[in-house]
Each structure stands twice: as C-alpha cells, then as structure tokens.
Amino acid sequence: MKDALGSVQSLLVLGGGSEIGLAVARALVGERTRRVVLAARDPSRLDGAVEELRRLGAETTDAVAFDADAPDGHHAFVEDVFGRDGDIDVVLVAFGVLGSQEELARDPGAAAGVALTNYVGAVSVTTAVVERLRRQGHGTLVVLSSVAAERARKSNYVYGSSKAGLDAFAQGMGDSLAGSGVNVMVVRPGFVHTKMTAGLDPAPFSTTPEAVAEAIVGGLRTGAHTVWAPPILRYVMSVLRHLPRPIFRRLNI
Ligand SMILES: NC(=O)c1ccc[n+]([C@@H]2O[C@H](COP(=O)([O-])OP(=O)(O)OC[C@H]3O[C@@H](n4cnc5c(N)ncnc54)[C@H](OP(=O)(O)O)[C@@H]3O)[C@@H](O)[C@H]2O)c1
C-alpha cells in the first residue's frame with residue numbers, strides 16, 4: 001500500500017537484471033520504496049544489485065527465480081511472491097530480448113523465441129499479476145513497451161511486432177481495469193544505452209536507463225497511462241506512424 005505521502009512502498013521487477021529495471025528500483029528506493037523483489041532467470045547473479053539496493057535504503061530486497069519463457073509456472077510464481085510479504089504496489093515488466101534481425105529473419109525458432117519472451121511471456125505473467133492486484137484492490141503494472149511498437153521497421157520487425165502486441169495488450173488491459181483501483185502504465189522508450197543495445201549505433205534522441213527511470217517515477221506520481229522517454233518521441237513517432245509505406249520503407253531507421 002502506498003504510504004500517507006503517496007510513495008510506492010513495494011516493487012516487483014520482472015527481469016530483475018534489466019538495466020532499466022534496476023535504474024527504476026534505485027530511483028524508487030531513493031523515493032522511500034522499502035521493499036524490492038528482483039525476479040530473474042538466475043537470481044544468484046543479482047547479489048550485487050540486492051546489496052546496492054539495501055545500501056540505498058531498501059529494508060527488504062530479495063532475488064527470486066522467474067523465467068518469462070515458462071508460462072506454466074507464472075500463476076504459482078505470482079502467488080508465491082505476493083504471498084511472502086503482503087501487498088506489492090508496483091510491478092514492472094522489464095524483461096525482453098532484442099535479437100539480431102539478420103538472424104531472426106532466417107531462423108524460425110529464434111524469431112518465435114523473441115515473440116515467446118516479449119509477448120507470450122508478458123501476456124501470461126501480467127494476467128496473473130493483474131488478477132492478484134485486483135484482489136488486493138490497488139497497484140500499478142508498468143510495462144516496458146518501446147517506440148518500436150508504434151510502427152514495425154524493416155530493421156527490427158520481429159522485436160517491433162512483439163512489442164506492438166504487448167503494447168496493444170497492455171492498453172486494452174488497462175482500459176478493462178478502469179475503476180478497479182489497478183492501473184496499467186505503458187512506457188515507450190526510444191534507444192536506451194544498456195547491454196541490450198551495446199554495440200549498436202545509437203538512434204536519434206538516445207537516452208539512459210536513469211532518464212527512463214525518472215520518466216517512470218514521474219508517471220507513477222501523476223498516474224499516467226502512457227510515458228514516452230524522452231517525451232519528444234511521442235511527436236516524432238506520430239509523424240513516422242503516418243508516413244506512407246513507400247517513404248517509410250526507404251528511411252534508414
Ligand atoms: N534498451 C533499449 O534501447 C530499450 C528501448 C525500448 C524498450 N526497451 C525494453 O526495456 C526492457 C528492459 O530492457 P533493458 O534495456 O534494460 O535490457 P537488458 O538490460 O538487456 O535487460 C533485459 C532483461 O530481460 C531479461 N530476460 C530476457 N529473457 C528473459 C526470460 N525469458 N525470463 C526472464 N528474464 C528475461 C534478461 O535477463 P538475463 O540477465 O537472464 O539475460 C535481462 O535482465 C525490455 O523489455 C526492452 O525490450 C529497451
């Protein structure tokens with residue numbers, strides 16, 4: 001439950017090793033969040049992050065096992081995490097894979113793997129999360145979509161289409177929850193300098209995990225349903241979205 005000043009008390013990060021996810025955790029702990037659960041495929045790799053969040057002021061920080069690619073276990077996973085220590089105010093979906101478009105265009109298994117993690121896995125776990133948030137009567141689900149969801153580009157259409165599916169799902173889910181006390185916030189970052197984009201040429205308006213985290217914390221404060229990071233991308237994408245296909249296709253983006 002948020003405290004008397006409206007601060008988030010507890011946070012669950014799905015994809016707990018995500019650089020954006022950890023930046024959000026650090027920013028929220030700086031704003032009085034006291035309990036953080038980091039959920040990752042290999043929680044033992046998060047010892048350093050757990051230690052850092054404790055040093056920054058979190059009273060309880062745990063790393064637990066979670067695999068987005070194993071939907072059969074998602075219901076039990078969510079029940080277990082929420083059952084441990086009471087309510088969770090904010091659940092952040094921060095897992096995701098980008099892949100190499102060149103490889104994905106030729107390898108059906110690899111292309112399906114991106115869709116499984118980014119879309120199927122997210123649909124499955126957020127369905128379980130929202131059911132639990134409904135029962136507790138409050139909470140915000142924050143979903144890391146992408147500007148890539150706005151319009152599939154030839155240079156990363158596998159990733160972009162998986163995010164488009166997730167973005168549409170999260171919007172519809174958010175609308176279905178109006179009046180329930182549960183909110184869904186869709187976040188659309190542009191190019192963020194993290195391990196996911198290491199070695200790639202930065203796109204225009206590239207940004208940092210810390211700046212995305214600041215935008216997310218601001219969105220939580222105001223109860224936003226959509227956050228762009230940086231905000232100018234909202235206008236850039238609304239132009240790109242309406243370009244005729246023959247022109248869009250020729251853009252080197
Ligand atoms: N970086 C960008 O430019 C950018 C832009 C827009 C949106 N986003 C989105 O923002 C989110 C966070 O990205 P990031 O930049 O912080 O990337 P990141 O540091 O590479 O984090 C991605 C995380 O996803 C986890 N993951 C991958 N597959 C998983 C699975 N099957 N189950 C559980 N966890 C899994 C990875 O865990 P492991 O450590 O186990 O591999 C990793 O910790 C992603 O959804 C990404 O698509 C990123």
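Where does Arg32 lie? In this predicted model, Arg32 lies in the loop between α1 and β2 (35–40), and its phi is near 90 degrees, a positive value in a residue other than glycine. Arg32 is partly exposed, with a relative accessible area of 39%.

Phe205 also has a positive phi, near 65 degrees, although this residue is not a glycine. Phe205 is placed in the loop between β6 (182–189) and α7 (209–222), and it is partly exposed, with a relative accessible area of 39%.

## The ligand and its surroundings

The ligand is surrounded by 28 residues, of which the closest are Ser18, Arg41, Tyr159, Val192 and Thr194. By class, this shell is made up of 12 nonpolar, 9 polar and 7 charged residues.

Of the 890 Å² of accessible area that the ligand has on its own, the protein covers 93%. The elements that give two or more residues to the shell are α1 (19–30) and α6 (157–176).

In soluble globular proteins, nonpolar side chains tend to be buried together. Here the largest nonpolar core has 33 residues, and those with the most contacts inside it are Leu38 and Ile216. Helix α1 gives the most to this core, with 7 residues.

Leaving aside residues up to four places away in sequence, Ile216 touches Val24, Val142, Leu144, Met185 and Val187. A second, separate core has 30 residues, including Val91, Leu141, Leu177 and Val186.

Asp167 is found in helix α6. With a relative accessible area of 3%, Asp167 falls under the 20% limit and therefore counts as buried.

## A cis peptide bond

The peptide bond from Ala229 to Pro230 is cis, with omega near -5 degrees. Pro230 has its place in the loop between β7 (226–229) and α8 (233–241).

Key
Residues are numbered from 1 along each chain as its sequence is written. This is a predicted model: local features need pLDDT of at least 70, side-chain atom pairs count only at pLDDT 80 or more; totals for chains, interfaces and linings use all residues. Side-chain values use heavy atoms; hydrogens and water are left out. A residue is near a molecule or strand if one of its heavy atoms lies within 4 Å of it. Accessible areas come from the Shrake-Rupley method with a 1.4 Å probe; for residues, only the protein chains shown count as cover. Helices (H or I, at least four residues) and strands (E, at least two) are DSSP runs, numbered from the N terminus. Ala, Val, Leu, Ile, Met, Phe, Trp, Tyr, Cys and Pro count as nonpolar, Asp, Glu, Lys and Arg as charged, and the others, Gly among them, as polar. A nonpolar core is a set of buried Ala, Val, Leu, Ile, Met, Phe, Trp, Tyr and Cys residues joined through side-chain atoms within 4.5 Å. Buried means under 20% relative accessible area, exposed over 50%, partly exposed in between (1.4 Å probe, protein chains only). Contact means heavy atoms within 4.5 Å.
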